[in-house]
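Q: Could you walk me through this structure slowly, as I am still learning to read such pictures?

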Amino acid sequence: MRALPFALPFAMTSLAAPAHAQTVATGHRDILLQADHSWNGTAYTHYPTTRPQLTMIRLIIPPHTALPWHEHPVPNAGYVLEGQLTITDRETGKSRIFHTGESFAESVNDVHRGASGDTRTVLLITYSGTPGTPTSIPAKGEKPEY
């Protein structure tokens, strides 16, 4: 075997094929939500023009509990992992119930709140914001949502 005219920065074994071949396949996707407006029909108008920051939270709401009135300054989407969530718009009184396995698009700059049912509610929520921007803002005189 001839000597190589240069030194390799890694071991030769890293070039070898894996001991067990892996299957390469296309994954299956289910679109859980694709929306250009919130659950109450309010259209999303724009994204911020600064650097984006995604924030994902798991929110647990005890049974028979309503969150304080609040609003979100950025678009966000939620998924009900457990229980049910009733979202109510404060101005219109319009509400909608989302059950386990359902997703929803929340409103932006619109005061609302969520409430659980007879069991605890567990949500997975993703916010499309920017660094330094809060994900939730309490309505005047209200406690923080979380």
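**Strands, sheet and core**

A: Read along the sequence, the chain follows the pattern β-β-β-β-β-β-β-β-β, and please keep in mind from the start that this is a predicted model.

Q: How many helices and strands does the protein chain come to?
A: The secondary structure comes to zero helices and nine strands.

Q: Which strands form the open sheet, and in what order?
A: Four strands form this open sheet, in the order 1-8-3-6, and their pairing is antiparallel. Strand 1 and strand 6, which covers residues 103-105, stand at the edges with a single partner strand each, so one side of each has no neighbour in the sheet. From one strand to the next, the twist averages 20°.

Q: Over how many bridges do strand 3 and strand 6 pair?
A: Strand 3, made of residues 76-82, pairs with strand 6 over three bridges in the antiparallel sense. As one example, Ala 77 has Ala 105 of strand 6 as its bridge partner.

Q: Changing topic, which residues touch the most other members of the largest nonpolar core?
A: That core has 14 residues, and those that touch the most other members are Leu 59, Phe 104 and Leu 123. Two or more residues of the core are given by each of strand 1 (53-61), strand 4 (84-89) and strand 8 (121-129).

Q: What does Leu 59 touch, not counting residues up to four places away in sequence?
A: Leaving out residues up to four places away in sequence, Leu 59 touches Leu 67, Thr 121, Val 122, Leu 123, Ile 125, Glu 145 and Tyr 146.

Q: And Phe 104, is it buried or exposed?
A: Phe 104 is buried, and Phe 98 is buried as well.

Q: How many aromatic pairs are there?
A: The count comes to one aromatic pair. It is formed by Phe 98 and Phe 104, whose ring centres are 5.1 Å apart and whose planes lie at 40°, so the pair is tilted.

Q: Why does Asp 30 count as exposed?
A: Asp 30 has a relative accessibility of 57%, and it counts as exposed because that value is over the cut-off of 50%. Asp 30 is found in the segment before strand 1, and a polar contact of 2.8 Å joins its side chain to that of His 28.

Q: Back to the whole chain, what percentage of the residues is buried?
A: Of the 146 residues in the protein chain, 30% are buried. Among contacts with a separation of 6 or more, 78% are between residues 24 or more positions apart.

Terms used. Residues numbered from 1 in each chain as written. Predicted model: local features only at pLDDT ≥ 70, side-chain atom pairs only at ≥ 80, totals over all residues. Heavy atoms only, no water. Phe/Tyr/Trp six-rings, centres within 6.5 Å; stacked < 30°, edge-to-face > 60°. Buried < 20%, exposed > 50% of the residue type's maximum accessible area, 1.4 Å probe, protein only. Core = buried A, V, L, I, M, F, W, Y, C linked by side-chain atoms within 4.5 Å. Contact = heavy atoms within 4.5 Å. Pairing = 2+ DSSP bridges. Axes fitted to C-alpha atoms, helices over the stretch in contact; angles between N-to-C directions. Polar contact = N/O pair within 3.5 Å; in protein donor to acceptor, adjacent residues only side chain to side chain.
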